[in-house]
Amino acid sequence: MPEGHTLHRLALTHDDLFAGEGVRVSSPQGRFAAEAKRLDGKVFGRAESWGKHLWHHYADGAIVHVHLGLYGSFTEFELVEGCAPAPIGQVRMRLIGPHGGADLRGPTACELVSEEQVDALLARLGPDPLRPDADPAGAWNRIHRSRRAIGALLMDQKVMAGVGNVYRAEVLFRAGVDPHREGRALSRAEFDTIWTDLVELMPIGVQRGRMHVVRPEHDHGAPSYAKNRPRTYVYRRTGESCRLCGAPVRTDVMENRNLYWCGVCQT
C-alpha cells in the first residue's frame with residue numbers, strides 16, 4: 001500500500017498539472033461515470049493530502065476523495081498535439097488539463113464527498129508528519145496509554161496518519177526500539193525521536209519519489225531488497241545481516257502485516 005509520501009507527492013503533481021484550470025473528467029471504466037459527468041469542465045482548485053487520503057477540491061466546492069488502497073495508482077501522461085492517449089486498463093477516473101493528464105486505476109475509494117464528510121474523516125485520523133500543521137500530542141496521548149505493540153500503533157492511521165510498513169520498520173530500527181514493545185513502555189524521548197525522524201525522512205520520499213531511510217555512513221554493503229530501490233536497514237531483509245551489528249534480521253507477522261527488526265539493535 002502506498003505510504004503517505006506518495007499521496008503528498010501526487011497532490012503536488014496534480015496541483016502543477018491542473019490547479020486553476022478547467023479539466024475534462026471522465027471514467028473510461030464506467031464506475032465513476034455519473035460523478036465524472038458532474039465534474040467535467042469544472043475548474044480544478046487544489047489537491048490536498050492527509051495520511052493516505054487524497055482530495056481534489058474544485059472551485060465550485062465539489063470534492064473528490066481518493067484512497068489508493070493496496071492496488072490503486074495514478075499515472076500521469078502527456079498530450080500529443082493536444083490529444084490524450086487511449087486509456088489502458090481499468091481507468092476509474094481520467095483528468096485532462098491543458099498541460100497533461102492523469103489516470104486513476106484500482107483505488108479503494110474514488111467518490112464525491114461533502115465538506116462535512118471530509119471533516120468527519122479527518123477527525124478519525126491521527127497527525128500526519130508531512131503536514132506543517134501536525135500536532136504530535138494526539139499520537140503521543142494514544143501511544144503512551146496503550147498496551148498494544150508500538151509496531152501496531154505506528155500502522156494505525158487513527159494514531160499517526162501516513163506511516164506504512166516500510167517507515168514503521170525503519171524508524172523503529174533507527175530509534176533502537178523493538179516493535180513488540182508496548183506503547184505505554186515507550187518514553188516521551190523515544191516517541192519524540194521517532195516523530196522527528198518521520199518529519200525528516202518522509203519529505204525526502206515526497207521530493208524523490210522513493211524512501212531513503214539508511215544514513216549515508218551505512219549506505220553500503222548488501223544491496224536493496226529489490227532492483228532500483230534504495231537500501232533499507234531491516235525491511236524485507238529477513239535472515240540477512242544487520243547493517244550495524246551483523247545479527248540476522250528477524251521477521252514476524254503483527255496484525256496481518258509483515259514485521260522486520262533486529263533483535264540485537266532494537267530493545
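Is Asp133 buried, partly exposed or exposed? Asp133 is partly exposed, because its relative accessibility is 47%. Before you go on, keep in mind that this is a predicted model.

**Stop 1: salt bridges**

Arg131 is buried, because its relative accessible area is 15%, and the cut-off for buried is under 20%.

Next, select Arg231 and Asp219. Here the side chains form a salt bridge too, at 3.2 Å from N to O. Both residues lie in the loop between H7 and strand E9 (249–254), so the pair ties together parts that are 12 residues apart in sequence. Arg231 is partly exposed at 24% relative accessibility, and Asp219 is partly exposed with a relative accessible area of 39%.

Now select Arg46, Glu48, Arg131 and Asp133 together. Salt bridges with shared partners join these four residues into one network.

One more pair to visit: Asp60 and Lys42. Their side chains meet in a salt bridge of 2.7 Å, N to O. This pair links distant parts of the chain, 18 residues apart: Asp60 is in the loop between strand E3 (53–58) and E4, while Lys42 is in the loop between helix H2 (33–39) and strand E2 (44–50). Lys42 is partly exposed, with a relative accessible area of 26%. In total, the count comes to 16 salt bridges.

**Stop 2: helix H7**

Select residues 188–208 to bring up helix H7. H7 has 21 residues and reaches 31 Å from its first C-alpha to its last, close to the expected 30 Å.

Which residues of H7 are buried? Colour these to see them: Phe191, Ile194, Trp195, Asp197, Leu198, Leu201, Met202, Gly205 and Val206. To see what covers them, show other helices as well, including H1 (4–18), H4 (137–143) and H6 (165–175). Then step past the end of the helix: Gly209 follows H7, and its phi is positive, near 80°.

**Stop 3: aromatic rings**

How many aromatic pairs are there? The count comes to 6.

Select Trp140 and Phe191. The centres of their rings are 5.5 Å apart and the planes are at 45°, so this pair is tilted. The pair links distant parts of the chain, with Trp140 in helix H4 and Phe191 in helix H7, 51 residues apart. Trp140 counts as buried at 12% relative accessibility, and Phe191 is buried with a relative accessible area of 1%.

Move on to Phe173 and Tyr233. Their ring centres are 4.7 Å apart with planes at 25°, so the pair is stacked. This pair also links distant parts of the chain: Phe173 is in helix H6 and Tyr233 is in the loop between H7 and E9, 60 residues apart. Both Phe173 and Tyr233 are buried.

Then highlight Phe18, Phe44 and Tyr58, which ring pairs link into a cluster.

**Stop 4: a patch on the surface**

Where is Tyr71 in the chain? Tyr71 lies in the loop between strand E4 (63–67) and strand E5 (73–77). Tyr71 is exposed, because its relative accessible area is 71%.

Definitions and conventions. Residues are numbered from 1 along each chain as its sequence is written. This is a predicted model: local features need pLDDT of at least 70, side-chain atom pairs count only at pLDDT 80 or more; totals for chains, interfaces and linings use all residues. Side-chain values use heavy atoms; hydrogens and water are left out. Helices (H or I, at least four residues) and strands (E, at least two) are DSSP runs, numbered from the N terminus. The expected span of a helix is 1.5 Å times one less than its number of residues. Buried means under 20% relative accessible area, exposed over 50%, partly exposed in between (1.4 Å probe, protein chains only). Contact means heavy atoms within 4.5 Å. Rings of Phe, Tyr and Trp (its six-membered ring) pair if their centres lie within 6.5 Å; planes under 30 degrees apart count as stacked, over 60 as edge-to-face and the rest as tilted.
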